[in-house]
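Student: I would like to learn how to read the features of this structure one at a time. Please give the general idea each time, and then the case at hand.

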Amino acid sequence: EAIVSLSPTATETLFAIGAGPQVKAVDDQSDYPAEAPRTDLSGFKPNVEAILAQSPDLVVTASKDADLVASLAKASVPTLVVPSAKTFEEAYGQIERIGAATGHTSEASTLISSMKQRIDAAVAKAPNLSGVTYFHELDPALYTVTGNTFIGAVYSLYGLTSIADATAAAGDDYPQLSEEYVVSANPDLILLSDSQCCSVTPELVAQRPGWAGIRAVEQKQVIVLDEDIASRWGPRVADFVENLGEVVSTLELEAPTVKREQDK
């Protein structure tokens, strides 16, 4: 009856399954939906006293902070930990757990079914782009994602391959690439998840040394994403998949196998 959410993804999920009226406070990064009771609580550096001041009977967090869980347990407040999902099944499982914890099991099941239907429909309408490469820019320092991440799983639905996959052997699924690496990899598609936070635009990308010759830049296939939708694994994943489907369906993208057949 008095939930504190310290995770933007959990906040979106709570409201999507009808548990919004039970949410008493959310963290400073939970900016969706607009009616969420946003506070200055931090999910990155949780303050137990500030959390308890909200008198919660459930705290939902993405952080695997053992001290936080233990401190809340001492105050007889249960914690539901829903860390970053790596697969769609993990994301669906978290929605189910949040639904069960808040008394909205059926609504959670309905939401999951709707998400799956929307995702399947979006993928079915789009071309198969196996072999087409992409660079997903998390920030101007050129941190990106491999196919082993949740974001990578979304791109994989369309057959897209991250240029960072060759670095995955190093064990880092969110590697920082050099400008030389990106230019050498020559991605077919560049997706910017740092426009809202850092004012990165396709025009600025084209001005980077050597980037004007990248295939994605030459063919004007540098796309600005909504960084919140692209970084969360909750209900709006379906929006991300649909938006990406529209992008790959309208741009001049071709899988290498298709190009070879046309060359014949």
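Tutor: Helices (H or I, at least four residues) and strands (E, at least two) are DSSP runs, numbered from the N terminus. As an example, Asn186 belongs to the loop between helix H7 (179–185) and strand E7 (189–192). The model is predicted, so local features need pLDDT of at least 70 and side-chain atom pairs count only at pLDDT 80 or more, while totals for chains, interfaces and linings use all residues. Residues are numbered from 1 along each chain as its sequence is written, and side-chain values use heavy atoms, with hydrogens and water left out.

Student: What is the phi of Asn186 near?

Tutor: Phi of Asn186 is near 55°, a positive value in a residue other than glycine. Ser199, not a glycine either, has a positive phi of about 60°. Ser199 sits in the loop between helix H8 (195–198) and helix H9 (202–206). A further case is Ser76, which takes a positive phi of about 65° just after H3.

Student: Is Ser199 buried or exposed?

Tutor: Buried means under 20% relative accessible area, exposed over 50%, and partly exposed in between (1.4 Å probe, protein chains only). Ser199 counts as exposed because its relative accessible area is 52%. Lys116, in helix H5 (residues 105–125), is partly exposed because its relative accessibility is 36%. In sequence, Lys116 and Ala238 are 122 residues apart, yet their C-alpha atoms lie 7.8 Å apart in space.

Student: How should I read the strands, and what is the order of the open sheet of four strands?

Tutor: Two strands pair if DSSP finds at least two bridges between them. The open sheet of four strands runs in the order E2-E1-E3-E4, with parallel pairing. At its edges are strand E2 (23–26) and strand E4 (79–81), each of which pairs on one side only. On average, neighbouring strands of this sheet are turned by 20° against each other, direction ignored. For that angle, axes are lines fitted to C-alpha atoms (for helices over the stretch in contact), and angles run from 0 to 180 degrees between N-to-C directions.

Student: Over how many bridges do strand E1 and E2 pair?

Tutor: Strand E1 (residues 3–5) pairs with E2 in the parallel sense over three bridges. Opposite Ser5 stands Val26 in E2.

Student: Which residues of E5 are buried on one side, and which on the other?

Tutor: In a regular strand the side chains alternate between the two faces of the sheet. In strand E5 (residues 133–137), five of its five residues are buried. Thr133, Phe135 and Glu137 lie on one side, with Tyr134 and His136 on the other, and both faces are covered. E5 runs parallel to strand E6 (residues 161–162), joined by two bridges. The bridge partner of Tyr134 in E6 is Ser162.

Student: Where is Pro33 found, and what is the peptide bond from Tyr32 to Pro33?

Tutor: Pro33 is in the loop between E2 and helix H2 (48–52). The peptide bond from Tyr32 to Pro33 is cis, with omega near -5°.

Student: Which residues are closest to the centre of the largest pocket?

Tutor: The largest pocket holds about 880 Å³ of space. Of its 32 lining residues, the closest to the centre are Phe44, Ser84, Ser231, Arg232 and Trp233. H11 supplies the largest share of this lining, four residues. Trp233 is also among the residues that line the largest cavity.

Conventions:
On a 1 Å grid over the protein atoms alone, a cavity is a set of points where a 1.4 Å probe fits but cannot get out, and a pocket is an open set with protein on both sides within 12 Å along at least five of seven lines; lining residues have an atom within 4 Å of a point. Grid points are joined across faces, edges and corners, and a volume is the space filled by probe spheres set on the points.
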